[in-house]
Amino acid sequence: MLELKNITKYYTVGETKQQVLKGINVSFRRNEFAFILGASGSGKTTLLNIIGGLDKYDSGDLIIESVSTKKYNDRNWDSYRNHRVGFIFQSYNLISHQSVLANVEIALALSGVSKKERKKRAIDALTKVGLKEHINKRPNQLSGGQMQRVAIARALVNNPEIILADEPTGALDSETSIQIMELLKEIAKDKLVIMVTHNPDIAQKYSTRIIELKDGLIIKDSNPCDSLEEKIQIKQYPKLLCLY
């Protein structure tokens with residue numbers, strides 16, 4: 001379902017044009033916990049944003065369910081972001097004056113879901129991350145770990161196939177980070193979770209795959225998705241199916 005073919009990306013600052021991604025080729029399995037590692041400026045977050053449809057590539061192709069996105073219009077990208085991808089950010093991005101429940105419900109606002117169904121789904125998602133008793137609180141009444149759990153519930157509420165996490169434990173203490181990582185590891189049993197981090201120790205402990213970037217290029221992939229081999233194996237090992 002998900003394949004990046006020779007993706008390039010440039011940013012222009014003043015009169016300077018900088019190439020951030022220099023021909024990225026990678027495919028992902030339907031359920032795996034893939035980490036993207038690399039130094040600052042290597043292109044990690046740009047790659048994640050392109051996968052999530054938050055940023056547009058300059059050349060190459062992002063292929064979703066065997067369909068090219070080269071001719072995607074704004075409506076196509078909106079639908080992709082709203083239904084197929086969930087985002088988790090380091091800064092949580094919660095609305096401070098809204099309740100925990102409302103912060104999760106807002107992810108369904110553009111999905112044409114009734115008010116009753118929105119509430120039910122939001123409560124279900126918050127229950128899954130262990131926050132059922134906190135649904136009426138405001139974000140400032142929660143700990144950092146609890147706020148990140150709200151963000152995870154918001155990412156899950158549309159039941160997307162892909163969860164994208166950008167340094168989700170960067171602002172958390174060690175004990176809380178472990179709790180969040182265990183939660184994401186559990187989610188990755190049923191979904192594709194792609195996480196950007198600077199922490200190789202976390203990646204080694206929790207990942208099923210580590211993709212390393214340097215200067216806009218993939219320099220190492222610990223468990224690449226070999227489409228031909230894995231399509232042959234799919235009848236015996238269905239969880240190995242590449243997202244093609």
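Contact here means heavy atoms within 4.5 Å. The model is predicted: local features need pLDDT of at least 70, side-chain atom pairs count only at pLDDT 80 or more, and totals for chains, interfaces and linings use all residues. Residues are numbered from 1 along each chain as its sequence is written, and side-chain values use heavy atoms, with hydrogens and water left out.

Begin by selecting Gly-38, in the loop that joins strand E3 (32-37) to helix H1 (44-51); helices (H or I, at least four residues) and strands (E, at least two) are DSSP runs, numbered from the N terminus. Leaving aside residues up to four places away in sequence, Gly-38 touches Lys-44, Thr-197, His-198 and Leu-213. The C-alpha atoms of Gly-38 and Leu-213 are 5.0 Å apart, although 175 residues separate the two along the chain.

Next, display the open sheet, in which four strands follow the order E2-E1-E4-E5 with antiparallel pairing (two strands pair if DSSP finds at least two bridges between them). Its edge strands, E2 (16-27) and E5 (67-68), each pair on one side only. Strand E1 (residues 2-13) pairs with E2 over nine bridges, and Lys-9 has Leu-21 in E2 as its bridge partner.

Then select Phe-33, Ile-152 and Leu-184, which touch the most other members of the largest nonpolar core, a group of 40 residues. Such a core is a set of buried (under 20% relative accessible area, 1.4 Å probe, protein chains only) Ala, Val, Leu, Ile, Met, Phe, Trp, Tyr and Cys residues joined through side-chain atoms within 4.5 Å. Finally, centre on Leu-184, whose contacts beyond four places in sequence include Phe-33, Ile-88 and Ile-152.

How values were computed
Buried < 20%, exposed > 50% of the residue type's maximum accessible area, 1.4 Å probe, protein only.
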